[in-house]
Amino acid sequence: MLVLSNRIALRQQRAWIRPVQGYTTTATRSLQQPIRVRFAPSPTGYLHLGGLRTALFNYLLAKKTGGEFILRIEDTDQSRLVKGATEKLISVLSWSGIKADEGPIHGGSKGPYVQSERTELYRQHADQLIESGHAYRCFCTPERIDRIRKLGLKHGNQIGYDRHCAHLSEKEINENMEKKLSFTVRMRTPEGETKVNDLVHGQVKFNNRLLDDGVLLKSDGFPTYHLANVVDDHMMGITHVLRGDEWLPSTPKHLILYNAFGWKAPQFAHLPLLMKPGGGKLSKRSNDAYVEHYINKGYFPEALNNFVALLGWSVPSGESEIITSMEELVDKFNVNNLNDSPAVVDVDKLGWINKQHLLDRAETAEGILSMANYLQPIVHDTFNKKLETDYIGKVIEAVKERIRIIHDVPELCEYFFIEPDYTTEDAKTLKKKLKSKPKDIVFSDNSLEGLKALETFDTASINKYWQDVATSHDVNYNRIMPVLRFAMTGKGVGTSIPTTMEVLGKSTCLERLDKARNYL
């Protein structure tokens, strides 16, 4: 059984809590039906990948058990709010396919679902804790608190408060109230220990002597996370709380509050931290830590969901890691397969996963059209060309094996949308490799007239035509292709040339051949 010290609790980012040997999380095998879970982000900026994972796992658990997924906005820290962040967050969740059953948009019987609209409720419960002796008013100034904290650190004591106001007499409290002194409300931490039965880590024990008398209600009347979180989870009937590992050290405080109120606590599951490939926690200062970064890059929502789901959860043994839809994720999700090992955010793996989803979409005409519709405005903005989705769909079909994300199409294969630039370094390098005889053959009048005369201009016909030309001139077919690649693309690598020519169309191919001969 584990004992989590206050030193570790205060340094949350280093707290690698290992599962207890021999501990069986039986609750994972008999989950209450239906389950009510929540995702409770703060609107302080973009949605972190860890936030998406938390939302996704809660959503999957709710849908797996026929329960409800609630979205709650925790905006009590008014100093950190970012205008428009709530709307953006809801938009990103919608993009991901995560729809709340209750929340700020859809409403519900347990609202309001924005904490700043529930402040009176928190004040009432803070008063209740004071009356029952489980909390007390603290009149200490910020200057004194800071002085006590620094003094404690100097002597190796990391408890942030000395409980000075916990021992005030009723007379002293009344005098302070009459003077209208500013105060916070602090939790009165009991003696003993607190046990957390976690679905991921097993049972973890906390020594209460090493827990601070944390602030529950700030001097501005707004609650801290601890009070608001517990009150809201109880009032909204939350049965299970899935959240990041960094919140495990706070969980004993929450359980103490549940006991103080006489409420049944939900079941907790703390998910492993997200790590960078080279080690270290995935920084919120890095753009690639945020969901919007991947949306803007053109990753598919089903691919990002698939990738994020694998950060702390494993598919059933022997099954593929590629999960093509939210419905399939719901079907396969099981909390028994959550693990406690730090999860590495490997963007290369995400790219591979996205490619599998891209290839899956490309299997159907509907899937090709969905990608073409997405790409059409990007092509227009990039090349100032409004092309039909039918043509863009053919491009995608041609290059699908060579790309990982849909944005690769205009970035790597611009020759499908604009004329090649035969003066680039890439084109010049390719040009140096071309042999004289193959060049003469490709640009001869007979070859061009023969190409023009082809009745069927598809990959098979184009391929056969140039094979016949090569044979008739006793030249290796593979010497012909680089010349055509130079003319069609101006690039050293790319999609099969016969396929490229089919997509471009006969007239465009003849125009490019005519232009390219002037650069050889």
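Predicted model: local features only at pLDDT ≥ 70, side-chain atom pairs only at ≥ 80, totals over all residues.
Residues are numbered from 1 along each chain as its sequence is written, and side-chain values use heavy atoms, with hydrogens and water left out. Helices (H or I, at least four residues) and strands (E, at least two) are DSSP runs numbered from the N terminus.

**Helix H8**
- H8 spans residues 251–261 and is mostly covered, ten of its eleven residues being buried (under 20% relative accessible area, 1.4 Å probe, protein chains only).
- Among the buried residues of H8 are Lys 253, His 254, Tyr 258 and Phe 261.

**Strand S5**
- Both faces of S5 (residues 184–187) are covered, with Thr 184 and Arg 186 buried on one side and Val 185 and Met 187 buried on the other.
- S5 pairs with S4 (residues 135–138) in the antiparallel sense over four bridges (pairing requires at least two DSSP bridges), and Cys 138 stands opposite Thr 184.
- S5 also pairs with S8 (residues 215–217) in the antiparallel sense, over two bridges, where Val 215 is the bridge partner of Arg 186.

**Helices H13 and H14**
- The axes of H13 (residues 365–383) and H14 (residues 389–399), which are lines fitted to C-alpha atoms over the stretch in contact, come within 8 Å and cross at roughly 110°.
- H13 and H14 are therefore roughly perpendicular to each other (65 to 115 degrees, on a scale from 0 to 180 degrees between N-to-C directions).
- The contact (heavy atoms within 4.5 Å) includes Ile 368, Leu 369 and Val 379 of H13 and Ile 392 and Glu 397 of H14.

Definitions and conventions
Buried < 20%, exposed > 50% of the residue type's maximum accessible area, 1.4 Å probe, protein only. Parallel < 35°, antiparallel > 145°, perpendicular 65-115°, else oblique.
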